[in-house]
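Please look through the structure below before reading my comments, which are set out as numbered points.

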Amino acid sequence: MLIKRSENWQESENSVTSETVYLNRRRLLAGVAVAGAAALAPSVFAQRDRVLKPLTATPTSFKLDESPTPEDAITQYNNYYEFGTGKGDPADNAWRLKPAPWSVKVDGLVDKPGTYALEDLVDFNALEDRIYRLRCVEAWSMIVPWVGIPLASVLKKIEPQSGAKYVAFETLADRDQMPGLRWPVLDWPYTEGLRMDEAMNDLAFLAVGLYGKELPNQNGAPLRLVVPWKYGFKSIKSIVRISLTDTQPATSWNISAPREYGFYSNVNPDVDHPRWSQSRERRIGEFGRRKTAKFNGYGDLVAGMYAGMDLSKNY
Ligand SMILES: Nc1nc2c(c(=O)[nH]1)N[C@H]1C(S)=C(S)[C@@H](COP(=O)(O)O)O[C@H]1N2
Ligand SMILES: [Mo]
């Protein structure tokens with residue numbers, strides 16, 4: 001029996017400390033730590049140790065009118081349960097992750113299976129800039145300037161067979177690097193999946209960077225999925241395996257709470273989470289709430305894939 005820790009998930013929603021106050025407190029603590037070098041925690045050192053390399057990126061049409069969420073909010077307020085369930089845990093603990101060298105196992109219904117070095121799977125000369133809105137199931141959102149490549153370009157490289165109907169993804173699960181694995185909060189390794197047409201959609205993206213630099217570990221280095229019309233948990237981090245299947249893959253959140261998290265998880269203001277409304281969201285760094293848009297505002301690009309489906313049943 002899994003120990004359900006979903007209360008933690010609601011924390012940002014209901015806690016007295018808004019994420020703005022929280023971030024200010026983290027900044028302040030970091031400042032204090034730097035001022036008094038003796039008090040500097042090892043993790044603060046280690047976290048700053050990793051020099052993020054700049055990436056060359058080409059702008060595309062995927063831009064938004066809204067300004068990006070500040071970099072320190074994107075990198076200090078995270079969900080990455082392999083490093084702990086608190087929003088600050090990933091930034092504190094993910095220095096343990098070794099994102100290079102990195103390889104990805106490709107298997108299932110593909111003509112080019114094998115273990116690929118990251119650089120052989122992702123063409124680092126063809127990186128794009130994409131500014132996407134990310135909407136978390138906990139009702140907060142941010143605007144993230146990603147760097148990466150379309151998922152479709154990686155799928156073409158591994159040559160899916162005609163019987164392939166789904167793509168399954170797996171995160172690294174290494175207890176030496178990921179202290180959160182000691183707790184059975186989720187079914188490890190973290191797994192996610194997409195239907196083939198969703199995976200081939202122009203918006204589905206594999207990120208290797210943000211703000212023009214390599215991904216920080218806490219954001220899913222060195223390779224993470226970004227599916228902007230779906231709730232944040234579909235955007236699986238630190239991917240070590242991509243499998244093509246003919247049956248719908250199991251996903252970690254669905255296994256942990258099937259009534260609350262379905263396979264599709266499209267952003268939908270009309271379908272409430274059983275324990276809270278999905279009609280509004282708080283943009284990180286702002287007070288007050290905005291209305292949540294169906295498919296997170298990307299409906300013109302993705303709604304057609306769900307024509308004829310009852311999205312209150314296929315949530
Ligand atoms: N492996 C893994 N991927 C994950 C998660 C996780 O806990 N483990 N959390 C998900 C959730 S719930 C969200 S909202 C996003 C958060 O991404 P961010 O921390 O880069 O904002 O990552 C998703 N990907
Ligand atoms: Mo999330």
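**Note on the cavities, the ligand and the backbone**

1. The lining of the largest cavity is made up of 15 nonpolar, six polar and three charged residues, where Ala, Val, Leu, Ile, Met, Phe, Trp, Tyr, Cys and Pro count as nonpolar, Asp, Glu, Lys and Arg as charged, and the others, Gly among them, as polar. This is a predicted model, in which local features need pLDDT of at least 70 and side-chain atom pairs count only at pLDDT 80 or more, while totals for chains, interfaces and linings use all residues. Residues are numbered from 1 along each chain as its sequence is written, chains are lettered from A and ligands numbered from 1 in the order in which they are written, and side-chain values use heavy atoms, with hydrogens and water left out.

2. A cavity is, on a 1 Å grid over the protein atoms alone, a set of points where a 1.4 Å probe fits but cannot get out, whereas a pocket is an open set with protein on both sides within 12 Å along at least five of seven lines; lining residues have an atom within 4 Å of a point. Grid points are joined across faces, edges and corners, and a volume is the space filled by probe spheres set on the points. By this rule there are two cavities of 30 Å³ or more, and the largest cavity holds about 330 Å³ of space. Among the 24 residues that line the largest cavity, Asn 79, Arg 224, Gly 232, Ser 235 and Lys 237 lie nearest its centre.

3. Which cavity does ligand 1 sit in? Ligand 1 sits in the largest cavity, in the sense that more than half of its atoms lie within 2 Å of the grid points. Around ligand 1 there are 18 residues, the closest being Asn 78, Tyr 81, Glu 82, Ser 235 and Lys 237, each counted if one of its heavy atoms lies within 4 Å.

4. Polar contacts (pairs of N or O atoms within 3.5 Å) can be followed one by one. A nitrogen atom of ligand 1 is 2.9 Å from an N or O atom in the side chain of Thr 171, and an oxygen atom of ligand 1 is 3.0 Å from a polar side-chain atom of Arg 224. Ser 235 takes part through a backbone N or O atom, which lies 2.9 Å from a nitrogen atom of ligand 1.

5. The second largest pocket has a volume of about 320 Å³. Lys 53, Ala 100, Leu 118, Glu 119 and Glu 214 are the closest to its centre of the 17 residues that line the second largest pocket, and this lining divides into 13 nonpolar, no polar and four charged residues.

6. In the backbone, a cis peptide bond with omega of about -5° joins Ala 100 and Pro 101, and a cis peptide bond, with omega of about -5°, also joins Ala 221 and Pro 222. Ser 238 has a phi near 40°, a positive value in a residue other than glycine.

Key: A polar contact is a pair of N or O atoms within 3.5 Å; within protein, one must be able to donate a hydrogen and the other to accept it, and residues adjacent in sequence count only if both atoms are side-chain atoms.
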